[in-house]
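Thanks for coming. I will walk through one structure, a piece at a time.

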Amino acid sequence: MHVVIAGGTGLIGRALAAACLARGDTVSVLTRRPDAPVKGALRRAAKVLWTPNDPNALARHLRTAEVVVNLIGENLAAGRWTAARKRALYASRVESGRALTAAIRLAQPRPKVLLQASAVGYYGDRGDALVGEDTPPGDDFLARLCVDWEASTAPVEALGVRRVVLRTGVVLTREGGALPRLLLPVRLGVGGPLGSGRQWMPWIHMEDEVGAMLFLMAHDEATGPFNLTAPQPVTNAQLVRALAQRLHRPAFLPVPAFALRLLLGEMSTVLLASQRVLPNRLLSLGYAFRYPTLDAALDALFAPPPAATTRMTP
Ligand SMILES: NC(=O)c1ccc[n+]([C@@H]2O[C@H](COP(=O)([O-])OP(=O)(O)OC[C@H]3O[C@@H](n4cnc5c(N)ncnc54)[C@H](OP(=O)(O)O)[C@@H]3O)[C@@H](O)[C@H]2O)c1
């Protein structure tokens, strides 16, 4: 099977590409820098220039693809959300989605499936309420961005392409993303809950993020939004406490919400909004989480690396 991953050089894309290559798929990644050096499994993927202004060129690369995965998006946590930054966050998601849609429209034959990235930020701030895929969107910047992001590729459904929307929580991996950023203050002994710490932080281990994507590719009955989050969400305080225990460090220094708002501006909603998200649709389709609990996920993430095989010399 040929899988095309737009934004495939990123954190999730690299892990997905490695899993697809390991099972024998052909993988192409659409990237702005096809000549940039890559590490690991991505070396065995074709690197194709992302040309949003040339849908015909993109369509030529999609002709042989059974599955297209759209993970493109400027990093939401890379800096304060100034007006210019918000435009970049929006354009990199919504305009890229529209460009991919235009290319899929032109491709003959068309891919069978499109997996479209989104985020649990779709739901806004929900307090302690349980959040399933049928919960309506919130109305802060991130929620509105997610609504337009998801809508940017919706027209492919009318073209006969099965579309799955991935509302992903915080992806836990030692390779990058939120986990190393959460670990740093704990390691330095200045960790603690963010704000009240009572906000729910839906999380998912990277292996389940990728496992769920492969599962959704394979299940013809899967269409529409899916929450990619572990079935046992935790609060921010529970997450920080669990990380501190793993590092044998204290985590008693709360960071007040007002300080986060002052420091990060509107971007603080990513850390302070509460979303008690459940993966209802994945569970009802029969996806079995490898890491349903935070303890199980952290056991795997903090396991010592396998000992290097010692070469016996005669
Ligand atoms: N990681 C998480 O915890 C998480 C949680 C929820 C949702 N998500 C979403 O899932 C998607 C993938 O996440 P990730 O963590 O893998 O992100 P990532 O590491 O930041 O990778 C995103 C990729 O998008 C491409 N990109 C960025 N800006 C672009 C632009 N303006 N135009 C075209 N391409 C651009 C980049 O590829 P090139 O530089 O090679 O072009 C980059 O490798 C993102 O949209 C993210 O918002 C992630």
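One definition before the details: a residue is called buried when its relative accessible area is under 20%, exposed when that area is over 50%, and partly exposed in between. Please also keep in mind that this is a predicted model.

I will begin with Arg162. This residue lies in strand S7. Is Arg162 buried or exposed? Its relative accessible area is 10%, so Arg162 is buried. Leaving aside neighbours within four places in sequence, Arg162 is in contact with a list of residues that includes Lys112, Val113, Leu114, Leu216, Met217 and His219. With His219 there is also a polar contact: the side chain of Arg162 reaches the backbone oxygen of His219 at 2.9 Å.

Asp220 is exposed, with a relative accessible area of 63%, whereas Arg162 is buried at 10%.

On to the other salt bridges. Side chains of opposite charge can pair when their charged atoms come close. How many salt bridges does the count come to? The count comes to ten.

One of them joins Arg85 and Glu74, whose closest N and O atoms are 3.8 Å apart. Arg85 is in helix H3, and Glu74 is in the loop between strand S4 (67-70) and H3, eleven residues away. Arg85 is buried, with a relative accessible area of 18%; Glu74 is partly exposed, at 28%.

Another salt bridge is between the side chains of Lys86 and Glu266, at 2.6 Å from N to O. Lys86 belongs to helix H3 and Glu266 to the loop between H8 and H9, so the pair ties together parts 180 residues apart in sequence.

Next is helix H4, residues 141-151. Which residues of helix H4 are buried? They are Phe141, Leu142, Ala143, Leu145, Cys146, Trp149 and Glu150. As background, an α-helix has 3.6 residues a turn, so residues three or four places apart point the same way. The buried residues of H4 pack against helix H3 (83-106), strand S5 (113-119), strand S7 (162-168) and helix H9 (269-272). Strand S7 is where we found Arg162, and helix H3 is where we found Lys86.

Now the ligand. There are 22 residues around the ligand, and Thr9, Leu11, Ile12, Thr31 and Arg93 come nearest. A polar backbone atom of Gly10 is 3.1 Å from a ligand oxygen. For Leu11, the distance from a polar backbone atom to a ligand oxygen is 2.9 Å. For Ile12, a backbone N or O atom lies 2.8 Å from an oxygen atom of the ligand. Taken alone, the ligand exposes 890 Å², and the protein buries 83% of that. Which elements supply at least two residues each to the shell around the ligand? Among the elements that do so are helix H1 (11-22), H3, S5 and strand S8 (170-172).

Two backbone details follow. The peptide bond from Gln108 to Pro109 is cis, with omega near -5°, and Pro109 sits in the loop between H3 and S5. His248 is not a glycine, yet its phi is positive, near 55°. His248 is in the loop between helix H7 (236-247) and helix H8 (257-264), and at 72% relative accessibility His248 counts as exposed.

Helix H8 also holds Ala259, which is partly exposed with a relative accessible area of 25%. Between Ala259 and Leu194 there are 9.7 Å from C-alpha to C-alpha, and the two are 65 residues apart in sequence.

Last, the surface. Leu184, Leu188, Val190 and Leu253 form a nonpolar patch there, with about 390 Å² of accessible area together. Leu188 is in the loop between helix H5 (178-187) and strand S9 (200-201), and its relative accessible area of 59% makes it exposed.

How values were computed: Residues are numbered from 1 along each chain as its sequence is written. This is a predicted model: local features need pLDDT of at least 70, side-chain atom pairs count only at pLDDT 80 or more; totals for chains, interfaces and linings use all residues. Side-chain values use heavy atoms; hydrogens and water are left out. Patches are made of residues with over 30% relative accessible area and no salt bridge: like charges are joined within 9 Å, nonpolar side chains (Val, Leu, Ile, Met, Phe, Trp, Tyr) within 5 Å. Accessible areas come from the Shrake-Rupley method with a 1.4 Å probe; for residues, only the protein chains shown count as cover. A salt bridge is a side-chain nitrogen of Lys or Arg within 4 Å of a carboxyl oxygen of Asp or Glu. Helices (H or I, at least four residues) and strands (E, at least two) are DSSP runs, numbered from the N terminus. Buried means under 20% relative accessible area, exposed over 50%, partly exposed in between (1.4 Å probe, protein chains only). Contact means heavy atoms within 4.5 Å. A residue is near a molecule or strand if one of its heavy atoms lies within 4 Å of it. A polar contact is a pair of N or O atoms within 3.5 Å; within protein, one must be able to donate a hydrogen and the other to accept it, and residues adjacent in sequence count only if both atoms are side-chain atoms.
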